Amino acid sequence: MRAFAPHSAARHGLALCHVCELVSPVRNVRCPRCRSRLHLRGSESLQRTWALTIAALILYFPANLLPILKITSVTGDKQNTILGGVVQFWQQRDYLVAIIIFSASVVIPVLKIIAIVSLSLAARTGRRPFGMTRIYRVTEFIGRWSMTDVFVVAILVAVVQLGSALSIHPGAAAISFAGVVILTMLAATSFDPRLIWDAAGRAESKPND
Ligand SMILES: [Zn+2]
């Protein structure tokens, strides 16, 4: 039997329906109102979150090391990595574009991965449940804007192609990059925040050392 937080509904055999949010006894198996399946904690939630996060972390390297843009012009071909692009925009004094690309493609994915890893660790240790729940909400919120990263690249390709005789194509990193975005989104959704409170309950009921 899993240990649940002392004041949780789960301890009393109650579960929240994920479809209509009715709380009812889990032994009903199905929600009495909307007939969808009831379950307590997503038991593989944590493993799935870890697996998706590790996969995202692995893809993060080719996303940044491989060229994201391939520029073909009269003077020859040129390839650019994300950071190379940021540096180039900065040198051309397009500071705003440089900052947007840097935060969308470097800062946000890294913060997202760090947040998901600390949440997964908290689901084990149960430390600082209030702070962790706040981190979860922020991660969920950022998740909605994840696609910004991919959009920035898409818009960039379109804008540059309009303005000049250059032709620009997405490079190999673009696929890895989309992979990072999708995997971190899935990792965040598969994480069950109630696990933090279960772990907090276990930590509380154990004698302090
Ligand atoms: Zn229901």
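Let's start with two helices, α1, residues 45-65, and α3, residues 95-125: their axes come within 10 Å and cross at roughly 150 degrees. Anything over 145 counts as roughly antiparallel, so that is how α1 runs relative to α3. The crossing of α1 past α3 is left-handed. Do keep in mind, everyone, that this is a predicted model.

Now, which residues of α1 meet α3? On the α1 side we have L46, T49, W50, T53, A56, L57 and Y60. Facing them from α3 are P109, I113, I116, V117, S120 and A123. If you sort that contact between α1 and α3 by class, you get 10 nonpolar residues, three polar ones and no charged ones.

On to the strands, if you'll follow me there. β3 covers residues 69-73 and β4 covers residues 76-80, and the two pair in the antiparallel sense over five bridges. To pick out one of those pairings, L69 has N80 in β4 as its bridge partner.

A word on confidence before I hand over. The protein chain has a mean pLDDT of 79, with 82% of its residues at 70 or more.

How values were computed. Residues are numbered from 1 along each chain as its sequence is written. This is a predicted model: local features need pLDDT of at least 70, side-chain atom pairs count only at pLDDT 80 or more; totals for chains, interfaces and linings use all residues. Axes are lines fitted to C-alpha atoms, for helices over the stretch in contact, and angles run from 0 to 180 degrees between N-to-C directions. Helices (H or I, at least four residues) and strands (E, at least two) are DSSP runs, numbered from the N terminus. Angles under 35 degrees count as roughly parallel, over 145 as roughly antiparallel, 65 to 115 as roughly perpendicular and the rest as oblique. A crossing is left-handed if the near helix is turned anticlockwise from the far one by less than a right angle, and right-handed if clockwise. Two residues are in contact if their C-beta atoms, placed from the backbone, lie within 7 Å. Ala, Val, Leu, Ile, Met, Phe, Trp, Tyr, Cys and Pro count as nonpolar, Asp, Glu, Lys and Arg as charged, and the others, Gly among them, as polar. Two strands pair if DSSP finds at least two bridges between them. pLDDT is the predictor's confidence in each residue, from 0 to 100.
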